[in-house]
Amino acid sequence: MIGPAILLACLPDADVAAFALGIPYASPWGHRGFSHSLAFAALAAIVTALGVRRNSELTAFPARVCGCWILAAASHGLLDALTDGGLGVAFFAPLDNDRYFLPVRPLRVSPIGLRAFFSQWGLTVLLSEFLWVWIPGTAMLLLGHFFGQRRPRPS
């Protein structure tokens, strides 16, 4: 069930379509607005869980899987709040449309648009994400796997 988690982690950036629709960045429906909120993460994960349950042989859907999917969707906004640019993330939309950053912001903000992404700026962003996201994330996965193997599994 890792596929839906990956898609849910990427889903919030579908809001870049707002630019083509003339929705301003600072709008609650703009980039890093509602689609990056905790409410959206929960809603998207629950809808995905219901869809998977309906289209599979599962009669009950484990809450733990849905919880992981909520975390996957919410991780996108969390990572965006670690960037050094933009307007921040509307974590609490639709109840509070204020935008927030985390106190530590080591990630370079990604340019919007393919042409800008495939530039020196885009390369700088990729290196920043490799250093601050991919290396620590991979280390955590490997440690979890290593220590998870050492634990006796229930029968």
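Leaving aside its neighbours within four places in sequence, D80 is in contact (heavy atoms within 4.5 Å) with D13, R32, H36, V89 and F101. The model is a predicted one, in which local features need pLDDT of at least 70 and side-chain atom pairs count only at pLDDT 80 or more, while totals for chains, interfaces and linings use all residues. Residues are numbered from 1 along each chain as its sequence is written, and side-chain values use heavy atoms, with hydrogens and water left out.

D80 lies in helix α4, where helices are DSSP runs of H or I with at least four residues, strands are E runs of at least two, and both are numbered from the N terminus. With a relative accessible area of 12%, D80 counts as buried, a class defined as under 20% relative accessible area with a 1.4 Å probe and protein chains only.

Two packed helices are described by the angle between their axes and the distance between the axes; here the axes are lines fitted to C-alpha atoms over the stretch in contact, and angles run from 0 to 180 degrees between N-to-C directions.

Helix α3 (residues 38-54) packs against helix α4 (residues 63-80) at an angle of about 135°, with the axes 8 Å apart, and the two are therefore oblique to each other, since angles under 35 degrees count as roughly parallel, over 145 as roughly antiparallel, 65 to 115 as roughly perpendicular and the rest as oblique. On the α3 side the contact is made by L38, A41, A42, A45, I46, T48, A49 and V52, and on the α4 side by C66, W69, I70, A73 and A74. By class, this contact has 12 nonpolar residues, one polar and no charged, where Ala, Val, Leu, Ile, Met, Phe, Trp, Tyr, Cys and Pro count as nonpolar, Asp, Glu, Lys and Arg as charged, and the others, Gly among them, as polar.

Helix α1 (residues 2-10) packs with α4 at about 30°, their axes 7 Å apart, and α1 and α4 are therefore roughly parallel. Here P4, A5, L8, A9 and C10 of α1 meet W69, A72, A73, S75 and H76 of α4, a set that divides into eight nonpolar, two polar and no charged residues.

Taken as a whole, the protein chain has six helices and zero strands, and its C-alpha trace spans about 55 × 35 × 30 Å along the principal axes. Buried residues make up 29% of its 155 residues.

Conventions
Buried < 20%, exposed > 50% of the residue type's maximum accessible area, 1.4 Å probe, protein only.
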